[in-house]
Amino acid sequence: MSDRTDPDSYWSWHDDHGYARVINVSGTITTLGGSITSDGVRAASAEAMGRFVKIHDMQIEASRVIAELTGAEAGCLTASASAGITLAVAAAMTGLDLNRVEALPGDPGPRDEVVVQTGHLVNYGAPVATAVQLAGATVWPVGQATQCGNHQLAGALGDKTAAGFYVVSHHVVDHGQMPLRRFAEICHTRGVPVIVDAASEYDLRGFLAAGADIAIYSAQKFLGGPTAGIIAGRKPLVRAAYLQNIGIGRGMKIGKESIAGAIRALSEWKTRDHAAIRMRERAALDLWIGALAGIDGVHARIVPDPTDNPLDRLQVEIDARTLGASAATLVRALGEEDPALIVRDHGIKFSYFQLDPCNLAPGQAEIAADILSRVIRRAKDLVAKPDDLDLARNGDARTYAGWLAD
């Protein structure tokens, strides 16, 4: 195993397997592996792999830990947060009726509509609507992309409504959307449960406190666990979601090693020194600002997380005419370095990209600063490609489409 405190030996695992060396300053991104787990999480997963165990026993322990951290009545673990959405929607349609569970997705039953604000129908690597539809449900968009009013949601609720679905993400439209508390109040007046996709969120208690009946989190993002989805909320719905394992959830089941690692990550969250982590992240941001100081055509500033997670990022704004290269060309060039510096490119069409400090291994902040400064200072020598912006916008899709193409 590589020594993670030594920047050189850190790459030996990549080199041994022929994988590209990567420094992740993009965030907790699934296509880069989510996050870096702690020694304790890795040990817990490895220990479970050498034993047989009743999975239900592990899920009971997981439920206890999830409830303690989130304030939920109960919880369970599944393959991913995306799977959690599908199972929660299925639970709202079937309850504990075994016949209804086995009938999905072909026969969703009389209550098969899921209302969601149009501005929340985003793509998080796949269309969020797909996760709902996999259960056999019908997505019922409410309002317009930039405006959703109380009357529009109230008017969409009817006898066929199984659930209200609410997305908390930097991907959603950032104005004109209904706050969760109001969304939940309106849904609850008609007896409709509310499911919240909070996959990438730091706040483990606020969404349930604001009225969500189910909140779904990713174990491998801020929690720093293995790949897993966390379903937390009211006990009847959590039980119904877990029951989907005998139906559509069978292909979304989670193994003992991931359950053990997720439980350990949840337990470590209670004692994590969040303030010290923030200080280390701020030091990286300050280092990167210094590396870009004095470069004409570059403006670097620290910006807060758009969904109020306790995290800041460095936003690098590019004046292409002055610098000699566009933000899109720089993003591509940074990704072609060795190690590849993978930045956060959601704002690429607005001529900026961001650096996220939450996933750095020891020594990587300094390596990132060197790569960033070196590439940007030779911007005039970079050769733009016609599809630079398209690559930034559709990188995941192109990667999947080209997999093993040769």
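Predicted model: local features only at pLDDT ≥ 70, side-chain atom pairs only at ≥ 80, totals over all residues.
Good morning. I begin with Asp 370, which is partly exposed, with a relative accessible area of 46%.

The partner of Asp 370 is Arg 374: the two form a salt bridge whose closest N and O atoms are 3.5 Å apart. Arg 374 also counts as partly exposed, at 37% relative accessibility. Both residues belong to helix H16, which covers residues 364-377, and they are four residues apart, about one turn of the helix.

In general terms, side chains of opposite charge can pair when their charged atoms come close.

Let me turn to helix H12, residues 256-269, where Arg 264 and Glu 268 are likewise placed four residues apart, about one turn of the helix. Their side chains meet in a salt bridge, at 2.9 Å from N to O. Arg 264 is partly exposed, its relative accessible area being 37%, and Glu 268 is partly exposed at 21%.

Which residue forms a salt bridge with Arg 278? The partner is Asp 312, with 3.7 Å between the closest N and O atoms. Arg 278 lies in helix H13 (residues 274-292) and Asp 312 in strand S10 (residues 312-318), so this pair ties together parts that are 34 residues apart in sequence. Arg 278 is partly exposed, with a relative accessible area of 33%.

Some salt bridges are joined into a network, which links Asp 305, Arg 313, Arg 344 and Asp 356.

Finally, how many salt bridges does a search of the whole structure find? The search finds 18. Thank you for your attention.

Conventions:
Residues numbered from 1 in each chain as written. Heavy atoms only, no water. Salt bridge = Lys/Arg side-chain N within 4 Å of Asp/Glu carboxyl O. Helix = DSSP H or I, 4+ residues; strand = E, 2+ residues; numbered from the N terminus. Buried < 20%, exposed > 50% of the residue type's maximum accessible area, 1.4 Å probe, protein only.
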